[in-house]
Every structure is written in structure tokens, then in C-alpha cells.
Amino acid sequence: MPGGDDFPIEWLDPSDREITWEWDDMHMPGALSALAGDYVKVIAAGMAYGHQRLGTPVEMRIRIWNGYAYFGLATDVPESEHAAMWQRRTEGARAAIGTAHAYWHEEAVPQVSAAYDWVAARTVETLPAAELADTWDEVWRRIERCWAIHFYAIRGPYQVLEDLADLYEAALPESAPAEALGLIGGGDHVLQAVERGLEELTGHVARTPGLAERLAEPGVTVDHLASSAATAEFATALNAFLVEHGHLGQNDDDLNLASWAEEPGQLLTELDKRLRNPGATTSVERQRRLAGEADLLADRARDVLAGDPARLARFEALLADARLIGHLTETHNYWIDRAAQASLRRFVVRVGRRLADAGSIADPADVFHLHRDEVPEVLRRGNDRRSLVEDRRRDLRRFAAMRPPRKVGAPSEDGGGDRFDGARIASAEPDELRGTGASAGIVRGTARVTLTQEDFGAVQRGDIIVCPSSNPSWVPLFTIAGGLITNTGGVLSHAAVVAREFALPAVVGTGDATTRIADGRLVEIDGASGVVRLL
């Protein structure tokens, strides 16, 4: 059986067996519920649009096997022509560099923001059931459009960084893998605004007598804080922060995960850490340092290229474009990955309450165990799905205990990986792991294995985060941690980009750090060479 007896797979299409399928453990490292799996299919539809928009004749396929998301590419293009096909795709992405800034600000952000506003304005609680069923379908279509925008908007930004890194590394072949990407360091974008907001909230707490003690109380809530005249000012500031940034909080792309706006207790925990152990560097100071380092790297490249006017001019053009749009390789995640997920999830939970009130499910969260196309039928007919939910909940527990294979289907070579996915680097040394150096710096600290939102609270200042991957929701942790080790990714992965934004030493793409490194183990990482030592 494909996948083996421990991970049974059924091919939905006979041609599926001829494709190499890879588990996306970067974005969805855990077993997914029925509705969360359907949400991944929405993401895949966005990927397909991105290929279509650039005229790449490939079919993006997604399968959820035993709760795990696997992606595969199918094409009728002969293998002998694949290199030319991907080169045309690269040229299409290159052509998008010049329009990426305007597209993002004039089309992408306004369109996705309008979609989120539309979803939030639906009167879920009072709509007739049949009308709500139709609204359910329209909400999913609008969120799918956001993902289509995503996978076109990112093409130019990623390509300009690829081109800049290629040129820099050709000129300076001794440079570390991520060094070239430091050329855009020190920018002032939305992730820096998130950190400044955290600093301002921490300042509010420090200035308010007794508030720090309140934050440390078990089970403290925003409502508790708002009910007291002494803490009302802070509660107002916190609510303003959540209105702007509250769609963050999910550690990966599982639709089941709540945002800060839904569960602000996550954020209160992070503020408490900052109060108990303040950092030595402010966000502004770090940003200036990174900008200075970026200018030094640029000058170094200019010195090497001075004798080649054509390549120097190319470098200057790429650098200008990269500093203008390169940040979109991660800020798109803030605006679309995180915001689309939070927008859809809030709507889904509201619909879940309707179904629970009608007796179709026992609890609003049980809606995540229904499929996307089942919910409208339940809304229209009032079917009792409590038994089905229990069966699927039991299946999900079983899936969560499985160890999914990284690849199934047609055999393929791992190769060297690209700058986003990276290579998985095996190490035979029992006390050493190897990955890709993604953010320079050598640091020792206590390993803190961080797999779920619940694990965030355990990360303390100076700890080394060990996780499958990360995204902008990890900003509160990255600004207190000592270092980062991930299972997945390359120098342009979400984890790597955010780590560099916050000068956090990082090694990515180790393959199995979360299983080889015990929580609490003393480790040393070298963010330039990609070596992790277990001490």
C-alpha cells in the first residue's frame, strides 16, 4: 500500500501515483481536522492561480492523507522541456518586479482588506439559515481570492531577492548563505510596527501601579483589566493594538488555531515576560544597526564590482528594487496568510455557534470536524452531526500519533533545495545537527521545543526556540529569544526572513530538530555556518 501500513494512502486519481507528493511540514506540520484540510485546498487554489497568472502550464494538486497536507505538481510538458518551462516562469516573475510595489499598495492590500471587512460584517447570528448557507459559500470564495492575490503579489519580491543574492554570491563566493539577504536589513515595515506596539503596551504596564501584578495572575483576561478604572487606560491601548494586529497569533496555517484577537491571553503572557526580564536593546536601536550593516554589505559589493560597470549597475538596480519590495516576502504573510486565516476562522466559529444552538453539533468548535461542503447542508436541513463529529475527532487523535512520510508517490531526488524550501541536511554526529545558516550569530542557550501555541508561554528571554517553522505571529518570541532552530526552510523561508528582521541567530532546515533536541537541553548554534551543537 502506498505510504505503508502505518500511513495508508488511496490514490484519488490514477495519475497521482506518477507524481512526487511532499508533506508541507513547513506550513501545516500537524494533523488537520476536516475543515482545516479544506482550508489548505483554498491555499492550493491560490498557488494554482499564481502559476496560471505567469503562464506556467502546471497543475497544483493537494491531497489530505490521514490529516496531513501533501502537495504535488502535474504537467503535460515533456521532461526535456521542464528547464525551459521554469525559465519562462522566472522571466515572468522578473517582469513583475517593476509593478510589484504599486500592485501591492494599490490593488492587493485594498482588495484583501475589503474582503475581510465584508466577512466581518455578515450578520451570522440573525441571517435565515438558507441565506447563511449561501453566505458560507461566498465567504470561502472571497478568502480564496485573497490567496490568489497572495501568490501573484509575492512573485516579484521573491525573484528580486533571488537575483540580488545570485549576483552578490557570484561576486563574493566566500559569503555565507544568507549574507546577501542582509542587504535589505533595517527596513521599517509592519513587523517592526508590531514590535513597537508591544513595547508601548509594556510601557503602559510599567507606568500603571499594580498592573504588572495583575498580568501575572492566573487566568487574567482583558475584561478583568477593562473593568478596573486603574487599568482601563491599558485595556484601551491593548484593544487598539488588537484591532490593528490581532489577526496574528497562529503558529501555522491550521484553521483551528485562534488569533490574538480571539484569545488575547496569549499576548498578555508575552507582555508579562517583557516586564519581568526587559531587553537591553530597543527596536529602534536594532533597526538602525541592521540598516548600518546592510550599507556595509552594499559597499563591500560595490568595491568588488567597481571594475565591472555593467554588473555594478545591475547590482544597484536590484538593490533599489529589493529594498523597495523585498520586505513583501514576509509582510505579505501578515496581510494575507495570517489575516485571511483569522478572518475565515472568526466567521467559521460564529457559524459553529449557530449549529450548536440548533443542536446539529455539541459545541461551536465541532464545526471544524465538518467539511466545507457539508456545512451549508446542515444549515439548510438541521441535520444532527454529533455522531459524525465524534468519529472524526477520534480519527484526528489517531492521525496525530502517526509519523507521516516526507514524500510519497514517484521517487525523486532531494537535490539542493531552493532558497525558500532549502535542503534537509543530515548529520551523522550524535551531538550535532546541520542546517542552513539563515541569520548570523553564535549563541548558546536553553532549547525550548515549541510545537503549539500552548508552548509559546514557556519561551523565556535567551532561550533557543526549536520548532518546525514560524511566521509573523512569532514576533513576540523572536524579540526575546536567543536563537532559532527549525526543521524546515531555506534562507528565504518565513522563519529565516523574520529572524533576520530581528537579528535573531538562526539555523533552518535541520530536518528533525524538534525530535532530536530535548526540551531544556543546552545548545549552541552558529547562524552563519548552519551548525547546531548539543552541549
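The talk below takes up helices, loop residues, cores and a pocket in turn.

Mentor: Gladly, and one caution to begin with: this is a predicted model, where local features need pLDDT of at least 70 and side-chain atom pairs count only at pLDDT 80 or more, while totals for chains, interfaces and linings use all residues. Residues are numbered from 1 along each chain as its sequence is written, and side-chain values use heavy atoms, with hydrogens and water left out.

Trainee: Why is T231 called buried?

Mentor: Buried means under 20% relative accessible area, exposed over 50%, and partly exposed in between, with a 1.4 Å probe and protein chains only. T231 has a relative accessible area of 3%, so it is buried. T231 sits in the loop between α8 (222-226) and α9 (232-245); helices (H or I, at least four residues) and strands (E, at least two) are DSSP runs, numbered from the N terminus.

Trainee: Which residues is T231 in contact with, leaving aside its neighbours within four places in sequence?

Mentor: Contact means heavy atoms within 4.5 Å, and with those neighbours set aside, T231 contacts L211, L225 and A226.

Trainee: What makes N66 buried, and what is its phi?

Mentor: The relative accessibility of N66 is 13%, so N66 counts as buried. Its phi is near 55°, a positive value in a residue other than glycine. N66 belongs to the loop between β2 (59-65) and β3 (68-74).

Trainee: And why is A503 partly exposed?

Mentor: A503 has 25% relative accessibility, so it counts as partly exposed. Phi of A503 is near 50°, again positive in a residue other than glycine, and A503 is in the loop between α17 (494-501) and β10 (506-508).

Trainee: What makes a set of residues a nonpolar core?

Mentor: Such a core is a set of buried Ala, Val, Leu, Ile, Met, Phe, Trp, Tyr and Cys residues joined through side-chain atoms within 4.5 Å. The largest one has 89 residues, and V351 is among those with the most contacts inside it. Helix α4 (residues 129-153) gives the largest share of this core, twelve residues. A second, separate core of 40 residues includes F234, A438, A496 and V508.

Trainee: Which helix supplies the largest share of the lining of the second largest pocket?

Mentor: That is α10, with four residues. A pocket is an open set of points on a 1 Å grid over the protein atoms alone, where a 1.4 Å probe fits, with protein on both sides within 12 Å along at least five of seven lines; lining residues have an atom within 4 Å of a point. The second largest pocket is lined by 45 residues, and P29, G30, L451, P468 and T514 lie nearest its centre.
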